[in-house]
Amino acid sequence: MREVNVSEITSNIKEMCIEANHYLSPDMKKVFQEAVESEKSSLGKQVLDQLNENLDIAAADMIPICQDTGMAVVFINVGQDVHLVGGDITDAINEGVRQGYVEGYLRKSVVSDPIIRENTKDNTPAVIHYGIVPGDKVEITVAPKGFGSENMSRVFMLKPADGIEGVKEAILTAVKDAGPNACPPMVVGVGVGGTFEQCALLAKKALTRNLEEESPIEYVRELEAEMLEKINALGIGPGGLGGTKTALAVNVETYPTHIAGLPVGINICCHVNRHAHRVI
Amino acid sequence: MDRHINAPISDEDAKNLRAGDYVYITGTIYTARDAAHKRMAEALAAGEKLPIDMEGTIIYYMGPSPAREGRPIGSAGPTTASRMDKYAPDLLDLGLKGMIGKGKRSQSVQDAIVRNGAVYFAAVGGAGALLSKRILASEVIAYDDLGTEAIRKLEVEDFPVIVVIDSEGNNLYETVVKEF
Ligand code: SF4
């Protein structure tokens, strides 16, 4: 048994909220660079140049990359040989989000009730996904999610007979509908299989996958490549102002499902695909 | 074509801008997003005066992140405009001449733009750090309790936007997609 004090989780989450909102991960920066080089529209190129400059300014002057610093989505995998001490883990995570958003000059975008809509003024609560895994480590991913793109996300409950062609159509439909609203170039997270809620969660997880990591499943790799090409052929382009770079990446995750179903979750993310990752 | 205009915007400038023009705005603009629009609609319904004069005004759909010490504003990029579609036609009929946001608009907004010789601009979504550099001053002038959603008066210099819907009803989002 390894003891981990939850205060350590608080301080890490605080730093990760700030980090994710000011710096993109190296894999995101790399696809950005490639996008600038390959974009065929001159207006599209201009937009991508602006976005690149924006990343430099954000890092140099500590101004958030985007003013929508998101709702904090936290994935936390706790090793089963870890004993968490010092308080309630959920409170500790929310305290980290609170400190990060208040002390880090991040925008408070969370309301306490979806209908009454009073701002909680500290961006809590976070959306937290717990996992229990082997080992004695605590693995945390903080992924602040903006809602311009979140609002364009979809779940389709397809029929088994729709097959992979149905999945492709669902992805293209979601991306077309999102268009300029989702701040393209987008990153498209797709979850195929599981249940209604599982496919959405897989899609969210897909967004946090390192873009240099390949899926171990052959048809998934092919699907990702084909969809990236088809999405970029839609012509929506950077900022929706026309061009050949509508998506930077398509990440697909799969899970076993029921004999009667083919759930597909599509979580659209903008080019500010933020995630910080740490192991404690 | 590149153009430089002043805000508030003159009827003539608003009429002459064309979808696809790259425009640099200098002058005074106001921010308002979801909650502020809801309040303005409620004020109009109650027969009350709006906190800003709409004549020639440009509204920027934006809720900034907090400013660090010594800066006028934090990150300051556009939010999705379609959420304001329900409210925009009434404001356009009251003299609102320009809106800055990102994303598609409804047909009724497009009709109100044409009817009033107005214009819808897009700023680049997700470029909030860069755009904040073109904002020289920011002051909350109404609905302070709404936090980031309060109405702010901004002084901007060469604020970069692109005309998406012009006073003739041309829509850049629709035309450009066909080219690629
Ligand atoms: S969709 Fe992304 S880039 Fe666009 S405003 Fe929201 S967080 Fe920012």
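Across the interface of chain B and chain A, 18 residue pairs are in polar contact, both residues of each pair being at pLDDT 80 or more. A polar contact is a pair of N or O atoms within 3.5 Å; within protein, one atom must be able to donate a hydrogen and the other to accept it, and residues adjacent in sequence count only if both atoms are side-chain atoms. On the side of chain B that touches chain A, α5 (128-132) and α6 (172-177) of chain B each supply at least two residues. Helices (H or I, at least four residues) and strands (E, at least two) are DSSP runs, numbered from the N terminus. By class, this side of chain B has 16 nonpolar, 13 polar and eight charged residues. Here Ala, Val, Leu, Ile, Met, Phe, Trp, Tyr, Cys and Pro count as nonpolar, Asp, Glu, Lys and Arg as charged, and the others, Gly among them, as polar.

The model is predicted: local features need pLDDT of at least 70, side-chain atom pairs count only at pLDDT 80 or more, and totals for chains, interfaces and linings use all residues. Residues are numbered from 1 along each chain as its sequence is written, chains are lettered from A and ligands numbered from 1 in the order in which they are written, and side-chain values use heavy atoms, with hydrogens and water left out.

Between the two chains, 37 residues of chain B are in contact (heavy atoms within 4.5 Å) with 44 residues of chain A. Together the chains bury about 3200 Å², with 59% of it on carbon and sulfur atoms. Buried area is the accessible area (1.4 Å probe) that two parts lose on being put together, summed over both. Within chain B, the residues that lose the most area to chain A are B:R68, B:L130 and B:F180, together 20% of what that side buries. One salt bridge is counted between the chains; a salt bridge is a side-chain nitrogen of Lys or Arg within 4 Å of a carboxyl oxygen of Asp or Glu. A:D61 and B:K133 meet in a salt bridge, at 2.3 Å from N to O.

Chain A itself is assigned two domains, domain 1 (2-21 + 65-145) and domain 2 (148-278), with bounds that come from an automatic or database domain assignment. Their centres, taken over C-alpha atoms, are separated by 25 Å. The area buried between these domains of chain A is about 1500 Å², of which carbon and sulfur atoms give 56%. A:F75, A:T141 and A:K145 supply 37% of the area that domain 1 of chain A buries against domain 2 of chain A, more than any other three residues. Three salt bridges are counted between the two domains of chain A. A:K145 also meets A:E150 in a salt bridge, at 3.0 Å from N to O.

A:E150 meets A:K204 in a salt bridge as well, at 2.9 Å from N to O. Because A:E150 lies in helix α5 (residues 147-150) and A:K204 in helix α7 (residues 196-208) of chain A, the pair ties together parts that are 54 residues apart in sequence. A:K204 is buried, with a relative accessible area of 11%; buried means under 20% relative accessible area, exposed over 50%, and partly exposed in between (1.4 Å probe, protein chains only).

In chain B, B:D93 and B:R115 form a salt bridge, their closest N and O atoms being 3.1 Å apart. B:D93 lies in helix α3 and B:R115 in helix α4 of chain B, so the pair ties together parts that are 22 residues apart in sequence.
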